[in-house]
Amino acid sequence: MANRGYFSGRIGFILAAAGSAVGLGNIWKFPYLAGQNGGAVFLFIYLLCIFLLCYPVMVGEIAIGRRAGLDAYGSYQKLGGKKWGYLGLFGIMVGIFILSFYNVVAGWAFGYFLHISFGDLLQEDNMGSFFGLFVNDILDLSSTKGLANSNFLFSLIFMAMTAFIVARGIQKGIEVANRIMMPALYVILIGIIIYSLTLPNAMAGVRFYLVPDFGELKIQTVFEGLKQAFFSLSLGMGTLMTYGSYLKKNENIASSAAVISIADTSVAFLAGLMVFPLVHFLQFKLQVTEVATAGPPLIFIVLPQIFQEMGVALGRVVGGLFFLLVCFAALTSTISLLEVPVAYLVDQMNMERKKVVWGIALLIFVVGLPSMMSQGMVPFLNKLTFYKGQDFLVFVSDMCDISLTVGGCLMCVFITYQWRIHNMNEELEEGNEGYNRSFLKKYLNFTIQYVCPLLLGILSILIIIDKFFGIENVF
Ligand code: PHE
């Protein structure tokens, strides 16, 4: 087989995997989920999921990838035979669907970055209707101030940037991009937090975010926390398996996974600390007790309103930086998503990397079109009758969320009954000499063989029941 390439070392791998993890999930989804689900209570559940369920799955996933040294399909197939290969294929399909809708939202963020920094979006008087029109008419060929309004175009460009990076290979493409974007992301994030904490009424936001209200604890909080943790850590579909296959043998998997988990969780936490003071600043300015913070409106409607309140000049800078941050976060995730099917075709079909990258990127862009058109343009996709009237993008995203926890559960079953836990331990001992005598080994073996498959299995079933029938109606 041709030389597949490697990350240059531990830092390169960790940055790339953390880059995959840190994304729209952290900056867009986490703050509003936390807001909807009782703030600190949600944070608590989320952390519990990470410790107990996600960290072990992450270690296992990377170990499988590094041991096999292949793409997601190849890894399962090499260590477990053809049947298990299908689990890898399932993961690859899920990755394709995630990227298909993820790239649409990334395109919106890219469009907003351009319109705020270089256009006159901040002069808009109704951000809500602007967003509505913006996502609705994807082919809008008119332009404001020389900037196109078509988010078909923005998504296409975003996918092209993703493909450009992935086509350059592991070290020169993926690693270099993450080495630039990840530190920049942290700097911008911390800069905006410091600024937002100085705004009037900021502390009310912090309090809302951090003081728990256990009255809010519902079973759905657990579901949301678990799904969000899996999505946010890029687990359960083979991203980290694929990245793991480019990790050298002398690197310590268990400690790398810990750093990745902590990096991802800290960005999610910090994103909340950035957003809620801003939201409460707006409430103070508008003299209202509440502004809608759920779903897309949060970053595409509420935040731009806040940047507007700052005045055009400052708003351009802070707002522009904010959307640049979102674009960086999204891009380091889209490249990891694209790498999964690319690795599969390169490893299994011996195809040429560059051609595969551009071909698959185009294909996924096309798969994403229904999601893009589901925001108003095509009424049928906007209100799915079989899915409680939700739109197609939400439907695909929900199905992917469920597939991730199911994938994680089956991966633990694979390690326990097929590959065998002692083989995983052998892989984890590489690059980590004391591992066999450590408490960590006991913890990982216990969680991967018993806790994860059981809890992930039960919770996945409950999540599916809740999605389609509403859990209250069933129990
Ligand atoms: N973890 C990414 C985010 O939080 C999304 C993602 C999911 C990326 C699965 C890769 C695989 O936005």
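The largest pocket of this predicted model is lined by 23 residues, of which K29, Y32, V394, S397 and D398 lie nearest its centre. A pocket is here an open set of points on a 1 Å grid over the protein atoms alone, with protein on both sides within 12 Å along at least five of seven lines, whereas a cavity is a set of points where a 1.4 Å probe fits but cannot get out; a lining residue has an atom within 4 Å of a point. The volume of the largest pocket is about 530 Å³, a volume being the space filled by probe spheres set on the points, with grid points joined across faces, edges and corners. Two or more residues of this lining come from each of α2 (24–36), α5 (82–117), α10 (219–232) and α18 (392–419), where helices (H or I, at least four residues) are DSSP runs numbered from the N terminus. By class, the lining of the largest pocket holds nine nonpolar, seven polar and seven charged residues; Ala, Val, Leu, Ile, Met, Phe, Trp, Tyr, Cys and Pro count as nonpolar, Asp, Glu, Lys and Arg as charged, and the others, Gly among them, as polar.

Residues are numbered from 1 along each chain as its sequence is written. As the model is predicted, local features need pLDDT of at least 70 and side-chain atom pairs count only at pLDDT 80 or more, while totals for chains, interfaces and linings use all residues, and side-chain values use heavy atoms, with hydrogens and water left out.

The largest cavity has a volume of about 140 Å³, and of the 18 residues that line it, S20, Y102, F231, S234 and L337 are the closest to its centre. At least two lining residues of the largest cavity are supplied by each of α1 (10–21), α2, α5, α10 and α14 (312–349), and the lining divides into nine nonpolar, nine polar and no charged residues. The second largest cavity, with a volume of about 80 Å³, is lined by residues including E61, Y76, L87, M237, M241 and M411. Helices α4 (72–80), α5 and α18 each give two or more residues to the lining of the second largest cavity, and α5 gives the most, with three residues. Six nonpolar residues, five polar residues and one charged residue make up the lining of the second largest cavity.

The axes of helix α6 (residues 127–136) and helix α13 (residues 297–309) come within 9 Å and cross at roughly 130°, with axes fitted as lines to C-alpha atoms over the stretch in contact and angles running from 0 to 180 degrees between N-to-C directions. The two helices α6 and α13 are therefore oblique to each other, given that angles under 35 degrees count as roughly parallel, over 145 as roughly antiparallel, 65 to 115 as roughly perpendicular and the rest as oblique. In this pair, M127, G128 and F131 of α6 meet F300, I301, P304, Q305 and Q308 of α13, contact meaning heavy atoms within 4.5 Å, and the contact comprises five nonpolar, three polar and no charged residues.

For helix α3 (residues 40–68) and helix α19 (residues 421–429), the axes come within 10 Å and cross at roughly 80°, which makes α3 roughly perpendicular to α19. Residues V59, G60, A63, R66 and R67 of α3 meet N423, M424, E426, E427 and L428 of α19, and this contact has four nonpolar, two polar and four charged residues.

Helix α7 (residues 151–167) packs against α14 at an angle of about 60°, with the axes 9 Å apart, which makes α7 oblique to α14. In α7, F158, M161, T162, A163, I165 and V166 meet C327, A330, L331, T334, I335, L338 and E339 in α14, a contact that divides into 10 nonpolar, two polar and one charged.
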